[in-house]
Amino acid sequence: QAKSSGRNSYQIFSASMNSNSVVRKSDERALERALEHDEFILHYQPTVHLESGAITGAEVLLRWERSGQGLNFPAQFITIAESSGLILPIGEWVLREACRQARAWLQCGLGLGRIAVNVSAAEFSDRRFLSKVRAILEETGLDPRYLQIEMGEDSLSRNPPHTLPALQELKNLGVRIAVDNFGTGRASLSFLREFPIDTVKIDKSFVHNIEAKSGKAVATALLAMAWGFNHQIVAEGIETQTQHAFFKKHHCAEGQGYYLGRPMTTEAFAALATQRNPS
Ligand code: C2E
Ligand code: MG
Ligand code: MG
């Protein structure tokens, strides 16, 4: 904003000691208003069984229909939500809305395997997280085995003495746990063995790299490792027929990516799943 109003004002603005915190405050207020005014929506991206093409579930992806700005993506606001603490009420909204929608779909017979919800480290480490999950499952009536919580390696391995019992409690509830963007974090491999993880999602950077020879070796190594630990595997970010064929050939059960289905509205996802998974 300051930039567009001219060079001088940009210089004055950036010279001001408080410019960053002023911008941050106004971003935070905009996010607060977005919650109050119901400007968040969820998009759903299918995960697909590579062999059969059946839809195994959906990943829930947050979008902000920001007045006057069109659709905003997580990269544009998640960091601010996390640093301001607003991720807690926003994440709670996401979880409730996703569980409510999944329950509604299941009730009308949609063959939905699971719904995957992304959770930030700040949400997971909040002491009220588990009771929130429990309350939302109860309130929406969603059978917990349909819910998958996705967390990055770094969130999972940040504070092991807290993480392990919290993951175990989620498992006791019946919720599934996935490691998101596997291969990009700094987690030690022992966490893959010790934590009660159901699924690893191979990061899209490794999927895109299979067109190089070394990339093929790395991708097959990641698959072998996930099998070794007895985890289910999803290859993320499949964009081409070549990538699709590679993971299918190497017996990776599931994939996700633009080639298989983009993130889409509630209605579009329901239509796709109805057509693809006849009951
Ligand atoms: P993620 O959990 O790894 O989600 C996958 C991201 O990759 C999504 O970006 C999705 O649109 C994108 N994607 C899917 N297929 C392809 C593909 O074939 N190629 C490429 N290049 N990208 C693909 P999106 O929706 O912008 O979300 C970005 C990240 O924001 C997510 O990464 C997740 O970490 C975070 N996020 C999204 N929704 C939520 C939420 O409700 N709560 C929290 N805490 N984080 C969220
Ligand atoms: Mg994810
Ligand atoms: Mg991911």
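Reply: The magnesium ion (ligand 3) and the magnesium ion (ligand 2) are 3.8 Å apart, and D180 coordinates both. This is a predicted model: local features need pLDDT of at least 70, side-chain atom pairs count only at pLDDT 80 or more, and totals for chains, interfaces and linings use all residues. Residues are numbered from 1 along each chain as its sequence is written, chains are lettered from A and ligands numbered from 1 in the order written, and side-chain values use heavy atoms, with hydrogens and water left out.

Start with ligand 2. Its protein donors are E59 (OE), N118 (OD1), E150 (OE) and D180 (OD), lying 2.1 to 2.2 Å from the ion. Donors are N, O and S atoms within 2.8 Å of the metal (3.2 Å for Na, K and Ca); water is not among the atoms, so sites may look incomplete. Along the chain, these donors follow the spacing E-x58-N-x31-E-x29-D. Distant parts of the chain are linked here: E59 is in strand β2 and E150 in strand β5 (residues 147-152), 91 residues apart. Strands (E, at least two residues) and helices (H or I, at least four) are DSSP runs, numbered from the N terminus.

Next comes ligand 1. It is surrounded by 22 residues, and the closest are R63, N118, D180, E239 and Y258. A residue counts as near if one of its heavy atoms lies within 4 Å. By class, this shell has nine nonpolar, six polar and seven charged residues. Asp, Glu, Lys and Arg count as charged; Ala, Val, Leu, Ile, Met, Phe, Trp, Tyr, Cys and Pro as nonpolar; the others, Gly among them, as polar.

Which elements build the shell? β2 (55-66), α3 (74-84), α4 (87-107) and β6 (176-182) each supply at least two residues. The largest share, four residues, comes from β2.

Some polar contacts (pairs of N or O atoms within 3.5 Å) stand out by name. The side chain of E59 has an N or O atom 2.9 Å from an oxygen atom of ligand 1. A polar side-chain atom of E239 lies 2.5 Å from a nitrogen atom of ligand 1. The protein covers 83% of the 800 Å² of accessible area that ligand 1 has on its own. Such areas come from the Shrake-Rupley method with a 1.4 Å probe; for residues, only the protein chains shown count as cover.

Definitions and conventions. A polar contact is a pair of N or O atoms within 3.5 Å; within protein, one must be able to donate a hydrogen and the other to accept it, and residues adjacent in sequence count only if both atoms are side-chain atoms.
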